[in-house]
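Visitor: Could you walk me through reading a few features of a structure? I would like the general idea each time, then the case at hand.

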Amino acid sequence: MKILMRLLSFVVTIFFSQALIAQSMVGSAHDFSDDSWNTSGQICLVCHTPHNADVSVSNAPLWNHETTSASFTTYSSATMDATTGQPDASSKLCLSCHDGTVAVDNFGNQTGGSHYLTGGTDIGTALSDDHPISFTYDAALAAIDDGLYDPLTTNSGLGSTISSDLLIGNQVQCASCHDVHNGSGISKLLKISNNASALCLTCHKK
Amino acid sequence: MKMIKLCKYIYIFLLLTYSLTYGQTVVNSAHNLSVSGPGSISASSETEICIFCHTPHNSSPRTPLWNRDDPGVTYTLYSSSTIQAEPGQPDGASILCLSCHDGTIALGSVLSRTEAIDFSAGISMMPAGRSNLSTDLSDDHPISFIYNSGLAASDGELKDPASISGPIHLENERLQCTACHDPHKNDYQPFLRVTNQYSDLCLECHQKDGWENASHKLSAATWNGSGTNPWSHTSFSTVNENGCENCHRPHSANGNQRLTNYLFEQDNCLDCHNGAVAEKNILADLGKVWKHNLWATDQVHEPGESLPVQNKHVECIDCHNPHKATDQTATAPYASGKISGVPGIDSDGNPVNTIQYEYELCYKCHADSPDKPESGISRDIMQSNTRLEYDLSNPSFHPVEGPGTNSDVPSLISPYTKSSVIYCSDCHASNNSDADGPHGSANYPLLKYNYETTDYTTVTYQAYELCFQCHDYNLIVTNESTSHAERVHKKHIDDARTPCSVCHDAHGINSDQGNSTNNSHLINFDTNVVRPSMGASARLEFVDNGNFTGACYLYCHNRNHNPRSY
């Protein structure tokens, strides 16, 4: 009995745990230590600093990169029930490189940088062709939408609920799908693999 | 204690598995085009499901996060002579669906990949079949049009969109594919939002007058397996379950206008009305020599055509309204349920939207129309306009519009009396058939019973069987009790072997052409047999001198009547 229970809980843990092996920043797409524009040679410094951090964006973790001041076109559609606003909180931080308006080498109070993101990683300031972010995803939204799981009671597949594991203060942000530090080692810095569209189907009840 | 722990573990396991199990979802539907998809069309190795339509970044400008190109083609749109809506080139959600379903873009061609996703079984575009609508949408339910209260009001048979139920879903007041289909959910094949059993889906918007009581809505009749399967395009097996789909289909209809299953009007009816589904075999009657020939024309009939009919044609739909027809019986002259809801011409010659009387239906073509069938008998007074023949002010007429003028008709067989009214279809109907109505008969001209008109016919019951349905054989043919009976009927019909039709016009004589002295009792001589009399005051004339007395001026069977009286 005991062995059976242990086996069962082991199987359950392995089966549902997405983060099988801990990955690291080092060697990831966000490891800028070897990039030509990063004269510091450091990984973390491009975004973070332990002292005199930029506190203009609320809850920004010891922020050290120039923040975007662009105005964004947000996503909207006839079938969307959520209400989006200008990107805020952590999404604003991501867009500070990924909107293509701020030089990636403008960190640590440096200005005049000349390297910008282009191609697939440049989301741009038109977010109308991107998954909506910076909106509240709560039980009320799930109830109206009918195509979304209740975030408070549905498992994320990462050990707890959608709300706990994927939302930031009940908001959907870039960090809902992406782990900026490559914690899971899944391509495109995803938190959950999109094999069989499992990431999409975590929240979308289709 | 151990039991509780066991239950706890099982509960957690089940809870965790529940979040990953799916009911009817896109994952177990034919829209899962990934390698794990259950349908016959699937990628050879791609595991992502949503990618065939959606991408989270750098999508098409089209919502929702669309991952496909626009087809960029011009479509042939649905149109008909009866549509009120104004479909435009597909837009909104419809253009998204068509990016696979028109067969012009490879299924695996998505914006987020530089190479098209590979499919197994050599599939690239949507294979030919029901899912490939092509760019010709003229045979498909109209889409991309505004459906608002104004449209409902001008159409007259559409629900106001404000009262349409939840599952049906207009997009910015426009009807798109997504009104009826939910691309993620295949609860009701194929991806319908509401089942179409009993045509529940169609009826969410369409409200045909009279449908609630119509036979096509209510009948539980099934197909007996012979002939063509009338329901090869649905999964239902009774008339009522098929409802609208008995005659219509929303996609790839062969009859483009009004989306009928077949192009030729009668084909829509005859897969069932041949005894294989409907009890009575109308097709067999329509195969008889003298018929309303449905096959003589096709696509000449127009719904709402101006009346009286100007371009000679006949289709089932000229006499029957399949949305309203019921099996309710009626007594003459009232129209029965089988022909209810059809336009006609009234006794004054004015069009009516819905007939009240059976004869109003026949008058649509057999009264004031040009090119109508003429009588095969040349008579003293010729008239092919039946409305003028049956006018109630005429000197004599068979009682079709109302009771006849003759107050004394002793030959009538019970229950017929001098106050009786009869139907056109009491005489004009199919012979040897359990089906009512003038579909086709072996007897000229589409008569239910035999009616000889050739001179020198030996009298039998069978020779003038039509007349003897209402007029007693013995009282007419063998009776000698009065001068009239002996010298007129028995002598002419029996001894002289003269048919009824030589003296009597079966319809009536119009008051502008005849009068009550010369044309009472339906007297209107067959001029191929009867000539004017010879000698002084020679003429062709019958004179009614009162009850069972009269005189004839004529020459017939080598006998001069100048006059002969009774």
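Visitor: How many bridges join strand 9 of chain B and strand 10 of chain B?

Guide: Strands of a sheet pair through backbone hydrogen bonds, either parallel or antiparallel. In this predicted model, strand 9 and strand 10 (residues 550-556) of chain B pair in the antiparallel sense over four bridges. Strands are DSSP runs of E, at least two residues, numbered from the N terminus, and two of them pair if DSSP finds at least two bridges between them. One bridge partner is B:Gly550 in strand 10, facing B:Asp544.

Visitor: Which strands are the edge strands of the sheet?

Guide: The sheet is open, with three strands in the order 9-10-11 of chain B and antiparallel pairing. Strand 9 (541-544) and strand 11 (559-565) are the edges, each pairing on one side only. From one strand to the next the twist averages 10°, with axes fitted to C-alpha atoms and angles running from 0 to 180 degrees between N-to-C directions.

Visitor: And what about confidence: where in chain A is the pLDDT below 50?

Guide: Where pLDDT is low, the predicted coordinates should not be read in detail. The stretch below 50 is residues 16-22 of chain A, with twelve contacts beyond near neighbours in sequence; a contact means C-beta atoms, placed from the backbone, within 7 Å.

Visitor: Which conventions apply throughout?

Guide: Residues are numbered from 1 along each chain as its sequence is written, while chains are lettered from A and ligands numbered from 1 in the order in which they are written. In this predicted model, local features need pLDDT of at least 70 and side-chain atom pairs count only at pLDDT 80 or more, whereas totals for chains, interfaces and linings use all residues.

Methods:
pLDDT is the predictor's confidence in each residue, from 0 to 100. Two residues are in contact if their C-beta atoms, placed from the backbone, lie within 7 Å.
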